[in-house]
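Reader: Please take me through this structure one question at a time, and end every answer on the value or name that I asked for.

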Amino acid sequence: MASELGRSVPEGDHFNTSRRRFLGGTGLAAIGAFIGGSTLSPSGGVPQAHAQAAASPSAAAPAAPKGPQYLKFPGKNEKLVVLGERPLVAETPESLLDDDTTPIEKFYIRNNGQIPEETKNPDTWKIVIDGEVNTRIEITLGELKSKFKPVTRRMVLECGGNGRAAFSPPARGNQWTNGGAGCAEWTGVPLAELLKKAGLKPSAKYTAHYAADLHLSGDAGKPSISRGVRIAKAMDPDTLIVWAMNGQPLPNIHGGPVRLIVPGWAGSASQKWLTRITIRDKEHDGPGMTEFSYRTPIKPMVPGDKGDPANFRILESMPVRSIITSPANGAKFAAGTKELKLRGASWAGDLLVKQVDISTDSGASWQRATLEKPKNRYDWQRWTATVKLPTDGYFEIWTRATDSKGTMQPHQAGLWNPQGYGGNAMHRIAVLVG
Ligand SMILES: Nc1nc2c(c(=O)[nH]1)N[C@H]1C(S)=C(S)[C@@H](COP(=O)(O)O)O[C@H]1N2
Ligand SMILES: [Mo]
């Protein structure tokens, strides 16, 4: 199975062990709906009601038992859908993202390597800042908590591959629909505070993030993932080193006791189980930084082609996206229902969302949703709308958001790339009246 980084993952004995550990019940019946799940079709032209059946298995998405595989993991909601077992990856169905603040139990999980054992002494956990700095810093989590002024921000964390399932032909990697995202309250200290304390040398250009999780192979010399960001983003006052999520100590599965949150950018920059940040004098080149990883084409390429790495640039800010969080895809309403109340969320990486529009007639007409303001920068923006339905029958409801620069979500995932980043096709749900 290819991972988000396009590595080939052996399926040995561990595979079965983790399957038993993480998989719950399967089958369409669990959805209790007239359609089979919420996966967007690989081609935008397939009615949402047939999308699941039409999704063709690809080399990247090996034949899986029919229907979604539900997660079984301590403290996690049983409706999270497993996209990969080794490494463990699970997404949140859009309808589970209906809270203003995503509860921990509903927050998506994305690992590239092995999940480390939970530490027994969080306050003695060490973080090192080194490289192009005047003074190397070594600080424990306990010191970080007591010597700096903590801040709390509600911010979206979104996987770089979110929306990948909408690419046609299918792109390599976990087939995220729109649930590789969540919005939590993160408490910690701006990374900028530590970098100021260490003193950046004029040569400082880029960060390199390191962590305690082992590579899937178990090779201690190989990071499972090590990404970084331009210094300007590292100095953003909202780029945080966090130890709490929704007021709780950061759970191990989400990188506890301490992780980075680099809001608005591909989630892979938000290193979990953070141990070290090395400041570099050039772009970082760790696993996840090179070739097609977390990169999108400069010149659009022919969908399905191999691609030339020289034509790719690093994906930084995530593109604009909106989702319908209520009703759920597949919802049924009584005959004679003339009006539906909709709720959703929208966000746009480093930008704001300016407008959300809804269609119930395949885009022939659109109406504007009521859009809320974010609580703070990088928060998502909730929206509501009431739509009228002319008759009973089958309806698809589409949502599209426009960011503050005027860029709108496309009907189909555009700018095809081998590993499927930046797929932000409009979200669609199907409902049946009568
Ligand atoms: N150490 C470490 N940090 C990591 C990862 C990882 O595998 N190891 N995965 C990254 C990716 S690709 C994403 S999308 C987010 C997911 O965070 P979550 O599992 O808390 O949702 O963590 C990022 N940080
Ligand atoms: Mo990710």
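Reader: In which loop is Tyr294 found?
Author: Strands here are DSSP runs of E with at least two residues and helices are runs of H or I with at least four residues, both numbered from the N terminus. On that basis Tyr294 is found in the loop between β14 (274-280) and β15 (295-297).

Reader: On what kind of model do these values rest, and how are residues and chains labelled?
Author: Residues are numbered from 1 along each chain as its sequence is written, while chains are lettered from A and ligands numbered from 1 in the order in which they are written. Side-chain values use heavy atoms, with hydrogens and water left out, and local features need pLDDT of at least 70, side-chain atom pairs count only at pLDDT 80 or more, and totals for chains, interfaces and linings use all residues, since this is a predicted model.

Reader: Is Tyr294 buried or exposed, and what is its phi?
Author: Buried means under 20% relative accessible area, exposed over 50%, and partly exposed in between, with a 1.4 Å probe and protein chains only. Tyr294 has 1% relative accessibility and therefore counts as buried. Most residues other than glycine have a negative phi. Tyr294, although not a glycine, has a positive phi of about 50 degrees.

Reader: What is the relative accessibility of Leu415?
Author: Leu415 also is not a glycine and has a positive phi, of about 45 degrees. Leu415 is found in the loop between β24 (393-403) and β25 (427-433). Leu415 counts as partly exposed because its relative accessibility is 41%.

Reader: Which residue does a cis peptide bond join to Arg86, and what is omega for the bond from Gly256 to Pro257?
Author: Most peptide bonds are trans. The bond that joins Arg86 to Pro87, however, is cis, with omega about 0 degrees, and Pro87 is found in the loop between β3 (81-85) and β4. Pro257 lies in the loop between β12 (248-249) and β13 (259-261), and the peptide bond that reaches Pro257 from Gly256 is cis, with omega near 15 degrees.

Reader: Which residues come nearest to ligand 1?
Author: A residue is near a molecule if one of its heavy atoms lies within 4 Å of it. By class, the shell around ligand 1 has nine nonpolar, eight polar and five charged residues. Of these 22 residues, the ones that come nearest are Tyr108, Asn112, Asp213, His254 and Lys272.

Reader: How far is a polar side-chain atom of Asp213 from a nitrogen atom of ligand 1?
Author: Backbone atoms also approach ligand 1: a backbone N or O atom of Arg110 lies 2.9 Å from an oxygen atom of the ligand, and a polar backbone atom of Asn112 is 2.7 Å from an oxygen atom of ligand 1. For the side chain of Asp213, the distance from a polar atom to a nitrogen atom of ligand 1 is 2.7 Å.

Reader: To which residue does the side chain of Asn376 come within 2.8 Å, through that residue's backbone oxygen?
Author: Asn376 has its place in the loop between β22 (370-371) and β23 (381-388). With a relative accessible area of 18%, Asn376 is buried. A polar atom of the Asn376 side chain lies 2.8 Å from the backbone oxygen of Arg154.

Note on methods: A polar contact is a pair of N or O atoms within 3.5 Å; within protein, one must be able to donate a hydrogen and the other to accept it, and residues adjacent in sequence count only if both atoms are side-chain atoms. Ala, Val, Leu, Ile, Met, Phe, Trp, Tyr, Cys and Pro count as nonpolar, Asp, Glu, Lys and Arg as charged, and the others, Gly among them, as polar.
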